[in-house]
Amino acid sequence: MVAESTPAPRAERPRRPSRPSRRGRLPGRQDWSSWPHYQEAKAGFRGYWYPVAFSSQITNKPTGVTLLGERIMVMRDKGTVYALKDRCPHRGVPLSYGNQQFPGTVSCVYHGWTFDLKTGDLAAAITDGPNSPICGKVTQPTFETAERLGMVWLFVGDGEDAPPIDEQLPEELVENAAVVGARIQPREGNWRFAAENGYDEGHAKYLHRTALWRLFKAMPVHNDTRIVKRGRWIYRVQDKQYWDAEFPGLGKWSGKAWYKIDPSKKKPGATANRNIGNTGGAAKVNEVIAAQEFPGFASISMPGVLRIAYPGFIHYEFYVPVDADNHLYVGVMVNFAKGAATLPFYAKYLGAIRWLFHGEFSGQDKWMVEVTDAPPERLYRPDESLLQWRKLAEDVTEERVDRLKEQGITAEDGKPEVTR
């Protein structure tokens, strides 16, 4: 008799702990098609005034600038600034390489084609003599110009008349005397990244906590924030600030330190104005700034104008599109004073603000804009500020497209792609 035997059970292998897939988990927005005009505005929005240079930089020597992808020649004649397309229609040589041979004109350096600065009309073709038949048959495109805040501004549209520039400037700058400290700097990166960085709710509290400008000032860890629209501006309104936070399983994170000013301790006579300056109370708010009754300390309007209200001054940033990959950063610090009262601000700006704020602090933003690569993107709760900015840009552009259509004009930018 043969006895049956039962094989011994095979030892079970111990199970390895599960781990997340190496592919990650990255759901999110793959494009900006929810805002088709904004998505198409790689080189900026037409129909607005943009600052391009300090007034002192524009003389009777032609200067070339690029705005919204357009090459433009800018020069001054008898005190007035003129702007023409920076391409001679003869052989395509930049007019900014040229010079002035006759009052009120600019001449191309190649063959002496000479254009009237006011009208763009070809006034002479020097190398073809005074009776050249080409004259009267060529008109160079021109651009409207203005000077404000010590800078030259250009309007690039689609054939419509430019609105008065004062209608686009922040209202308080038009209505009040002020002293201005400004910086214009060419920067890499798309202008939209710069505008979104400026209005971004989350980055300042973390990125800028190491900036010398904020070295002795605490930054909140996070805020309860909502977006409020008033007129052509949208504002970030801070309902509550959190200076410390406990993160489950990780520990405590604080925006305060022993060497930083404690925002919970108000100065004598201070009022709760956390929406002016993002730092809590201040002993005094400039009367012009207080009169504006800003609902939030940070606001933005088209075509990319940021306003940050502090108790004693307002900081503005204009994000000027050069092309799809470059922009001008125009930072403007304004103190609403006049007469002898302007002198302390001049000293403070030149001695500290220019290199602390417009230099090192803003340099951190410059770095982030250069390395931003979106979309795709996975947004989080504080990015409501970005979503509302994109919505504002989309809505305002749609209104402009409809308005120009009624005038028989087709807008050349911000047109959504038609997919079939």
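Predicted model: local features only at pLDDT ≥ 70, side-chain atom pairs only at ≥ 80, totals over all residues.
A residue counts as buried when its relative accessible area is under 20%. Helix 3 spans residues 191-199, and because nine of its nine residues are buried, it is largely enclosed by the rest of the structure. Its buried residues are Trp 191, Arg 192, Phe 193, Ala 194, Ala 195, Glu 196, Asn 197, Gly 198 and Tyr 199.

Stepping back to the whole protein chain, seven helices and 18 strands are found. The chain has 420 residues, and 47% of them count as buried. Its accessible surface comes to about 23000 Å², with carbon and sulfur atoms holding 52% of that area.

Pro 62 sits in the loop that runs between strand 1 (48-54) and strand 2 (63-67). Its relative accessible area is 8%, so Pro 62 is buried. Leaving aside residues up to four places away in sequence, Pro 62 touches Met 73, Val 74, Met 75, Leu 95, Ser 96, Gly 98, Asn 99 and Val 106. Pro 94 is 32 residues from Pro 62 in sequence, and their C-alpha atoms are 9.9 Å apart in space.

Glu 399 belongs to helix 7, which covers residues 384-406. Glu 399 counts as exposed because its relative accessibility is 52%.

Note on methods: Residues numbered from 1 in each chain as written. Heavy atoms only, no water. Helix = DSSP H or I, 4+ residues; strand = E, 2+ residues; numbered from the N terminus. Buried < 20%, exposed > 50% of the residue type's maximum accessible area, 1.4 Å probe, protein only. Areas by Shrake-Rupley, 256 points an atom, 1.4 Å probe, with all protein chains shown as cover. Contact = heavy atoms within 4.5 Å.
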